[in-house]
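Open your viewer, switch to a cartoon view and get ready to click along. This tour tells you what to select at each stop and what you will find there.

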Amino acid sequence: MLEKRQPIPVAEAVHRVMDYAFQAKNELVPLTQAHGRFIADAIRADQDVPAFDRSPYDGYAIRSIDSQGACSQQPVRFQVVGEIGAGYVYDSVVEKGQAVRIMTGAPIPQGCDAVVMLEITHTFEENQQKYMSIKRSIEAGTNISYKGEDVQQGTILIDKGQYINPGVMALLATFGYEQVAVYRKMVIGVIATGSELLEPGECLQPGKIRNSNAYMMMAQIERAGAEVKYFGKFSDDLELCIKIVEKALQEVDILITTGGVSVGDYDYLPAIYQAMDAKVLFNKVAMRPGSVTTVAACNDKLLFGLSGNPSACYVGFELFVRPIIRTAYCHPQPHLRREQARLGADFTKPNPFTRFVRATAYYETGQLVAVPSGFDKSSAVSSLATANAFIVLPGGSRGYEKGMSVAVLLLEDLQGSEWPWDKLEKSYR
Ligand SMILES: Nc1nc2c(c(=O)[nH]1)N[C@H]1C(S)=C(S)[C@@H](COP(=O)(O)OP(=O)(O)OC[C@H]3O[C@@H](n4cnc5c(N)ncnc54)[C@H](O)[C@@H]3O)O[C@H]1N2
Ligand code: MOO
Ligand SMILES: [Mg+2]
């Protein structure tokens, strides 16, 4: 007798998976390889930035008091006693009536408290001595970038778990990180199943299709920030498949299979979990696509049995695997970013289960709009290419109309959500 599978709500399924979340170990990488990784240590400013008062302009450093009374009828002149470029320090004290030619980024010489922009000065020479004059008085503090105005020593600038973007790279360099502690990339194994599968380089034959899921998932794994280990395709021999899964599981942090989780004669995954004595966390989720998504735990390692249908496989990865990866990197918001959007086209299919419609989301005069990105069957591959979001339609509805407000999950957003599954209300206009 065929075992009857009990569908569980999506949020419950995600909870069951997240109970197995763990933290990845750290490793040091050269700064040049840190972009795109997740930082494993907070960045604390060990110095002020800037570290000294400096000039934001090219001009002349002066003592502001000396400029008092300057006007167009009575310009005030300064004796130019030196010059200082960025990277150098003027080593004398500037005296009454003196000025130092200064370049952007150079430290303010001792004695000076203002910088006059080059454009408002007049320069001349008398008796082989350089002078500069100005026609207005300058207040103390004019054109000075003060020590610590950008960052004060001791400030925590980035918490651990943050994604290293180009701006974080700038901070790491500013504070002298030649090596950066990042979370070790999780290694995720991928196995495709099905005798119908051909690789992209092979010619199509009757009844066969090309294996798209493995390549799609490899990219999803990389987008989520992990590393792929591809084990190729299963053979048709169950005993051999069991051995392959057991061996693969030892070489990876997480193993994903695609296909073979339903009730077909060649759907081997349930038998494999049983043979391995793996604990099945669930094998049916009240969602479409991806209702057959199965997750099992074997010696604390997760085995994700994603559907063979491309759209179902894609959705299963983003909902269940991605948050495990991001949690391993201590990211505080490991799930897909949830937002509210306006539905850009009718979606008339009824939804007995929560439906994740692959969609294109975009802004239109400040409002997020989401339009289904094409053919919406679980087997669809075409609608994935332009999808950057899922429209989440709660179960028990009879279809949705253009203009309604719907929840969306954004696929290409780095911020993420802490827990996007609360209060998935029925939509409203
Ligand atoms: N009697 C029932 N039949 C099915 C049920 C059910 O509940 N009762 N569930 C259906 C649902 S829902 C889905 S989804 C699929 C899931 O099937 P499997 O996960 O077992 O996957 P396969 O049978 O191996 O393949 C399904 C489909 O996907 C194609 N496929 C497989 N691997 C790949 C790949 N790597 N790249 C591209 N396409 C792939 C495969 O050729 C099949 O067409 O089961 C339903 N059936
Ligand atoms: O698991 Mo299937 O994708 O619900 O169609
Ligand atoms: Mg099947």
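In which sense do E16 and E18 pair, and over how many bridges? Select both: E16 and E18 pair in the antiparallel sense, over 3 bridges. Two strands count as paired if DSSP finds at least two bridges between them. The names come from DSSP runs, numbered from the N terminus: helices are H or I runs of at least four residues, and strands are E runs of at least two. Strands of a sheet pair through backbone hydrogen bonds, either parallel or antiparallel.

Before you go on, a word about what is on your screen. This is a predicted model, in which local features need pLDDT of at least 70 and side-chain atom pairs count only at pLDDT 80 or more, while totals for chains, interfaces and linings use all residues. Residues are numbered from 1 along each chain as its sequence is written, and chains are lettered from A and ligands numbered from 1 in the order in which they are written.

**Stop 1: the sheet**

Select the strands E14, E11, E15, E19, E18 and E16. In that order they make an open sheet of 6 strands with mixed pairing. Now colour the edges, strand E14 (227-233) and strand E16 (279-282), each of which pairs on one side only. On average, neighbouring strands here are turned by 20° against each other, direction ignored. Such angles run from 0 to 180 degrees between N-to-C directions, and the axes are lines fitted to C-alpha atoms, for helices over the stretch in contact.

**Stop 2: a hairpin**

Zoom in on strand E18 (residues 294-298) and strand E19 (residues 301-306), an antiparallel pair with 5 bridges. Click Val-295: Phe-304 in E19 stands opposite. Val-295 in E18 is also the bridge partner of Phe-282. At Cys-298, the bridge partner is Lys-301 in E19.

E18 and E19 form a hairpin with 2 residues between them, and Asn-299 in the turn has a positive phi of about 50°. Select Asp-300 next, in the loop between E18 and E19. Its phi is also positive, near 70°, in a residue other than glycine. Most residues other than glycine have a negative phi, and most peptide bonds are trans.

Is Asp-300 buried or exposed? Asp-300 is exposed, because 8 other C-beta atoms lie within 10 Å. The cut-offs are 20 or more other C-beta atoms within 10 Å of a residue's own for buried, 12 or fewer for exposed, and partly exposed in between, with C-beta atoms placed from the backbone.

**Stop 3: helices across the sheet**

Show helix H1 (residues 10-18), which lies across E16, E18 and E19 and runs at about 145° to E16. Highlight Val-10, Ala-13, Val-14 and Val-17 in H1, which are buried. Why are they on the same side of H1? Because they cover an arc of only 100° around the axis, where the arc is that of the directions from the helix axis to the C-beta atoms. The buried residues of H1 pack against several elements, including E16, E18, E19 and H6. Contact here means that the C-beta atoms of two residues, placed from the backbone, lie within 7 Å.

Move to helix H4 (residues 238-251), which lies across strand E11 (187-192), E14, strand E15 (254-258), E18 and E19, at about 160° to E11. Leu-238 lies in this helix and touches Tyr-268 and Ala-271, not counting residues up to four places away in sequence.

**Stop 4: the ligands**

Select ligand 1, which 28 residues surround; the closest are Asn-213, Gly-259, Ser-262, Ser-307 and Gly-308. A residue is near a molecule if its C-beta atom, placed from the backbone, lies within 6 Å of it. Helix H3 (213-224) and helix H6 (310-328) each supply at least two residues of this shell.

Then select ligand 2 and look at the residues around it, among them Arg-288, Pro-289, Ser-307 and Ser-378. A cis peptide bond joins Arg-288 and Pro-289, with omega about -10°. Pro-289 is found in the loop between E17 and E18.

**Last stop: another cis bond**

Finish at Val-49 and Pro-50, which are joined by a cis peptide bond with omega about -10°. Pro-50 lies in the loop between strand E2 (43-44) and strand E3 (59-62).
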